[in-house]
Amino acid sequence: MMFRNVQKILGQGKRHFSVTTIKNDKFSCKLLVVGGGAGGCATAAKFSKVLNKNDLIVLEPSEYHYYQPLFTLVGAGIKNLEDSRRKEKDVLPKNCTWVKDKAAEYDPEKNRVYTEKGHTIEYDYLLVAVGLELRYDKIPGLLEALETPTNVCSVYSPKYASHTYEVLKKLSSGHAVFTFPNTTLKCPGAPQKICYLTEHYLRKHNRRNNVQVTYNTTLPVIFGVKAYADVLWKICQERDINVNVRTSLVKVDAEKNEAVFENLDNPEEKKTVQFSMLHVTPPMASPESLSKNKQLTNALGFVDVDKHNLQHVRYKNVFAIGDCGSTTNAKTAAAAAAQTNVVYQHLSAVMKGAPAPQIAYDGYGSCPLVTGGNKAILAEFDYDFVPLETFPFNQAKEMYSIYYLKKNFMPSLYWHLMLNGYWNGPGLFRKIMHFGLNKK
Ligand code: UQ1
């Protein structure tokens, strides 16, 4: 291919070359993976075992890669931010070409992606894995509140996660308020995990009687799966956590320690709440460079893929994995893990012109809901929000073992297996564990 020759002449087949100084380079490859997060990295690792280095490009601007499921524990002072961080160069597969740049525009008709630094990457196959962006800017006053340390915090960003613990350590009276946004979000359990961890911390330090705790969610329920929601309601009742549903954060005034909430069932009704801690889960959206492309995305800005094989509904050489896809599963690292092998098998078949394989994504998503006091329940469910549990015991019960799985076991599994392309989610274990049992 012409572009590949240009690349050879320019000597850019090496790993981790810098593209910062030269503009308007042209690259070409067989497979372009846009995004080096959980899904992009894990799927690139699988393809790096079968493609040549020059045939596999990963386009990713970040210097660091974060294991985001650890952020709630960072916010509660249980882990350090450094535990969640690795250099991107150390997690990308060795046998790929890293272009350290960001997608600016997609042209699926010409099989091209244009980058922010002015380069063009031509591909035969494209995997979009750009995730969701945190849009703190969408709520007036929020970004300013987070940028100058105040009582406002958020575990969702590596920039602000550690500050959550600073706020928590100082919290001794008043009102701790937690929010859940009115958009699609990643890790829908995290907004309440940090609430439970805070509540437990206050009790442990004998401050609970002086602090009111409120969880405000935009959803009509506390959790989308009834079996787990029932348990979570009970926990909130027993621990005196006020839960307000259909309640959406619309404004923050950090100087006055005031937050304004809207009743989603009656938008005229606004309530101003005084806080001594405000934990915000921000609105989220797929990156504008992607959502502005109407050929690739649906009305919500997500890559328009088939929910079972993750292939684009119109461009058969395009796939998506993880949070940026139009699939309606809970957007978690566990979901991305379960999607990697589906993408790998289906995309490989398309590359070879082989018939589509039988393997299908069932919407698996999971969320170890840390409830404080070294305990967690393990929510696992499918597209229909029906539990799809790995272990042959009742996972809706708070357990120490699940907490240790989340805190100590999952990070190793992620760094060593998933990012190297060896973890496809727990589907196989579920079948083994449930062999001979009736549980789904
Ligand atoms: C999982 O596969 C995964 O992806 C790496 C997670 O993300 C951190 C999880 O939290 C969980 C629970 C799973 C599912 C794995 C098991 C063993 C139930």
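**Salt bridges and a helix contact**

Author: Start with Lys 159, which is exposed in this predicted model. Its relative accessible area is 59%, and the cut-off for exposed is over 50%. Lys 159 forms a salt bridge with Glu 147. The closest N and O atoms of this pair are 2.9 Å apart. Lys 159 sits in the loop between strand S10 (152-153) and helix H6 (161-170), while Glu 147 belongs to helix H5 (residues 142-147). The two are 12 residues apart, and the pair links distant parts of the chain. Glu 147 is partly exposed, at 43% relative accessible area.

This pair is one part of a longer list. The structure holds 17 salt bridges. Another joins the side chains of Glu 122 and Arg 112, at 3.5 Å from N to O. Glu 122 is buried, because its relative accessible area of 17% falls under the 20% cut-off.

Next comes Arg 430, which pairs with Asp 362 in a salt bridge. Here the closest N and O atoms are 3.9 Å apart. The cut-off is within 4 Å, so the pair counts as a salt bridge. Arg 430 is in helix H12 (residues 427-433). Asp 362 is in the loop between helix H10 (333-352) and strand S20 (365-372). The pair therefore ties together parts that are 68 residues apart in sequence. Arg 430 counts as buried, with 11% relative accessibility. Asp 362 is partly exposed, at 33% relative accessible area.

Some salt bridges share partners. They join Glu 199, Arg 203, Arg 208 and Arg 239 into one network.

Now the helix packing. Two packed helices are described by the angle between their axes and the distance between the axes. For H6 and helix H7 (residues 190-204), the axes come within 10 Å. They cross at roughly 35°. The crossing of H6 past H7 is right-handed. On the H6 side, Thr 164, Tyr 165, Leu 168 and Lys 169 make the contact. On the H7 side, Ile 194, Thr 198 and Tyr 201 do. By class, this contact has 4 nonpolar, 2 polar and 1 charged residues.

Note on methods: Residues numbered from 1 in each chain as written. Predicted model: local features only at pLDDT ≥ 70, side-chain atom pairs only at ≥ 80, totals over all residues. Heavy atoms only, no water. Buried < 20%, exposed > 50% of the residue type's maximum accessible area, 1.4 Å probe, protein only. Helix = DSSP H or I, 4+ residues; strand = E, 2+ residues; numbered from the N terminus. Axes fitted to C-alpha atoms, helices over the stretch in contact; angles between N-to-C directions. Left-handed = near helix turned anticlockwise from the far one by under 90°. Contact = heavy atoms within 4.5 Å. Nonpolar A, V, L, I, M, F, W, Y, C, P; charged D, E, K, R; others polar.
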